[in-house]
Amino acid sequence: MRIADVLRNKGASVATITPETSVAGLLTELTVHNIGAMVVMSQDGVAGIVSERDVVRKLHELGAEILRRPVSEIMTTMVATCTPDDSVDHLSALMTEKRVRHVPVVVDGRLTGIVSIGDVVKARMEELEAQQEQLQAYITQGR
């Protein structure tokens with residue numbers, strides 16, 4: 001299964017913010033969209049990614065002051081990305097290796113979607129269910 005298949009099932013919309021958005025504004029957007037991370041976009045494309053975990057770590061380190069600071073101060077700038085042609089297995093390995101839970105999908109420098117670890121698990125479960133059904137059909141045919 002390819003990332004394009006995952007995006008076809010879940011949709012390709014991505015909630016984004018700018019580097020100048022305050023951390024408090026980020027929290028509002030995460031709540032509104034019921035998501036755990038957002039892609040940070042600049043005029044040049046993907047500038048970073050920021051998650052609830054980033055906020056919690058900085059909140060612990062700096063206190064409530066962080067809520068007034070821009071997202072650019074807490075975002076991850078070395079963003080792991082994938083393409084629609086990548087396999088789900090490849091992305092699963094990338095997420096494990098890089099220890100990330102959200103990976104933007106990029107084509108020619110343009111953001112075209114985002115895949116979460118939950119999306120990867122769901123896709124893998126669907127693959128396993130399909131294989132089980134095929135094996136069951138094969139076994140029943142042989143009787």
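Where is aspartate 108 found? These legends to a predicted model take that question up in the last view.

**View 1. A three-stranded open sheet.** The 3 strands run in the order E1-E2-E3, and their pairing is mixed. Strand E1 (16–17) and strand E3 (45–51) stand at the edges. Each has a single partner strand, so one side of each is left without a neighbour in the sheet. Strands of a sheet pair through backbone hydrogen bonds, either parallel or antiparallel.

**View 2. Strand E1 beside strand E2.** E1 pairs with strand E2 (residues 37–42) in the parallel sense. The pairing spans 2 bridges. Threonine 16 has valine 39 in E2 as its bridge partner. Helix H2 (residues 23–33) packs on the sheet and touches E1, E2 and E3. The direction of H2 makes about 125° with that of E2.

View 3. Asparagine 34 lies in the loop between H2 and E2. Its phi is near 55°, a positive value in a residue other than glycine. Most residues other than glycine have a negative phi. Asparagine 34 has a relative accessible area of 70%. That value is over 50%, so asparagine 34 counts as exposed.

**View 4. Helix H4 against helix H5.** Helix H4 (residues 88–98) and helix H5 (residues 117–141) pack at an angle of about 140°. Their axes are 10 Å apart. H4 and H5 are therefore oblique to each other. The crossing of H4 past H5 is left-handed. From H4, the contact takes in Val88, Asp89, Leu91, Ser92 and Met95. From H5, Ile117, Val120, Ala123 and Arg124 meet them. By class, the residues of this contact divide into 6 nonpolar, 1 polar and 2 charged.

**View 5. Histidine 90 on helix H4.** Histidine 90 has its place in helix H4. Histidine 90 and glutamate 73 are 17 residues apart in sequence. In space, C-alpha to C-alpha, histidine 90 and glutamate 73 are 30 Å apart.

**View 6. Aspartate 108 between two strands.** Aspartate 108 is found in the loop between strand E4 (102–107) and strand E5 (110–116). Aspartate 108 is not a glycine, although its phi is positive, about 50°. The relative accessible area of aspartate 108 is 81%. The cut-off for exposed is over 50%, so aspartate 108 is exposed.

Note on methods. Residues are numbered from 1 along each chain as its sequence is written. This is a predicted model: local features need pLDDT of at least 70, side-chain atom pairs count only at pLDDT 80 or more; totals for chains, interfaces and linings use all residues. Side-chain values use heavy atoms; hydrogens and water are left out. Two strands pair if DSSP finds at least two bridges between them. Helices (H or I, at least four residues) and strands (E, at least two) are DSSP runs, numbered from the N terminus. Contact means heavy atoms within 4.5 Å. Axes are lines fitted to C-alpha atoms, for helices over the stretch in contact, and angles run from 0 to 180 degrees between N-to-C directions. Angles under 35 degrees count as roughly parallel, over 145 as roughly antiparallel, 65 to 115 as roughly perpendicular and the rest as oblique. A crossing is left-handed if the near helix is turned anticlockwise from the far one by less than a right angle, and right-handed if clockwise. Ala, Val, Leu, Ile, Met, Phe, Trp, Tyr, Cys and Pro count as nonpolar, Asp, Glu, Lys and Arg as charged, and the others, Gly among them, as polar. Buried means under 20% relative accessible area, exposed over 50%, partly exposed in between (1.4 Å probe, protein chains only).
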